Amino acid sequence: MAAERDSEGLAAARPMLTDLYQATMALGYWRAGRARDPAEFELFFRRCPFGGAFALAAGLRDCLRFLRTFRLQDEDVQFLASVLPRDTDPAFFQDLRSLDCSAVTLRALPEGSLAFPGVPLLQVSGPLLLLQLLETPLLCLISYAR
């Protein structure tokens, strides 16, 4: 079954590597008719780790693999249906099943390049609802790059 989700066998994260806040916000955008509004977020750090003056950008390859293979599976959507409000319109869950990252644009520092506080490691743009769901997994992939 894992091969069906990630035919390349390369993804470092799954779409459900997130928290309920992101799903709740996505539902709120959907209910407000803003799911497809254009949006952008930047991922950066405020202070260098370990007291250093710079860091090295890492995790881009895993982010690209994650975006390329991103799809919510039936069991993912069923889980979300079990934790979101019972009165959630079934059309929301149908929309979740059809999500992919074909409308997402990613700009990033090259892997291994010097990174400085306040300078974006990633800039991600695309539909608001989808970006809300991508935020936590991308943050994890960059923060815990392997």
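Residues are numbered from 1 along each chain as its sequence is written. In this predicted model, local features need pLDDT of at least 70 and side-chain atom pairs count only at pLDDT 80 or more, whereas totals for chains, interfaces and linings use all residues, and side-chain values use heavy atoms, with hydrogens and water left out.

The unreviewed UniProt entry lists residues 16-143 under "domain: Nicotinate phosphoribosyltransferase N-terminal"; UniProt positions are given in the numbering used here, feature names are shortened, and annotations may be inferred rather than shown by experiment. The span of residues 16-143 is 44% helix and 16% strand, and its end C-alpha atoms lie 17 Å apart. Helices (H or I, at least four residues) and strands (E, at least two) are DSSP runs, numbered from the N terminus.

Helix α3 (residues 60-69) is mostly covered, with seven of its ten residues buried; buried means under 20% relative accessible area, exposed over 50%, and partly exposed in between (1.4 Å probe, protein chains only). The buried residues of α3 are Leu 60, Asp 62, Cys 63, Arg 65, Phe 66, Leu 67 and Thr 69. In helix α2 (residues 20-31), Gln 22 is located, and this residue counts as buried because its relative accessibility is 3%. Beyond residues up to four places away in sequence, Gln 22 touches Gln 132, Leu 133, Glu 135 and Thr 136, contact meaning heavy atoms within 4.5 Å.

Thr 88 occupies the loop between α4 (74-83) and α5 (90-97). With a relative accessible area of 7%, Thr 88 is therefore buried. Its side chain reaches the backbone oxygen of Pro 85 at 2.7 Å. When neighbours within four places in sequence are left aside, Thr 88 is in contact with Leu 27, Arg 31 and Phe 93.

A search of the whole structure finds five salt bridges, each defined as a side-chain nitrogen of Lys or Arg within 4 Å of a carboxyl oxygen of Asp or Glu. One of them joins Arg 107 to Glu 40, with the closest N and O atoms 3.0 Å apart. This pair links distant parts of the chain, as Arg 107 lies in strand β3 (residues 105-108) and Glu 40 in strand β1 (residues 38-43), 67 residues apart. Arg 107 is partly exposed at 34% relative accessible area, and Glu 40 is partly exposed at 46%.

A salt bridge also connects Asp 100 with Arg 71, the closest N and O atoms being 3.7 Å apart. Here too distant parts of the chain are linked: Asp 100 is in the loop between α5 and β3, and Arg 71 in the loop between α3 and α4, 29 residues apart. Arg 71 is also in contact with Asp 76, a residue of helix α4 that counts as buried at 12% relative accessibility. The side chains of Arg 97 and Asp 74 meet in a further salt bridge (3.0 Å, N to O). That pair links helix α5, which holds Arg 97, to helix α4, which holds Asp 74, across 23 residues.

Val 119 is placed in the loop between β4 (114-115) and β5 (122-127) and is partly exposed, with a relative accessible area of 37%.

Note on methods: A polar contact is a pair of N or O atoms within 3.5 Å; within protein, one must be able to donate a hydrogen and the other to accept it, and residues adjacent in sequence count only if both atoms are side-chain atoms.
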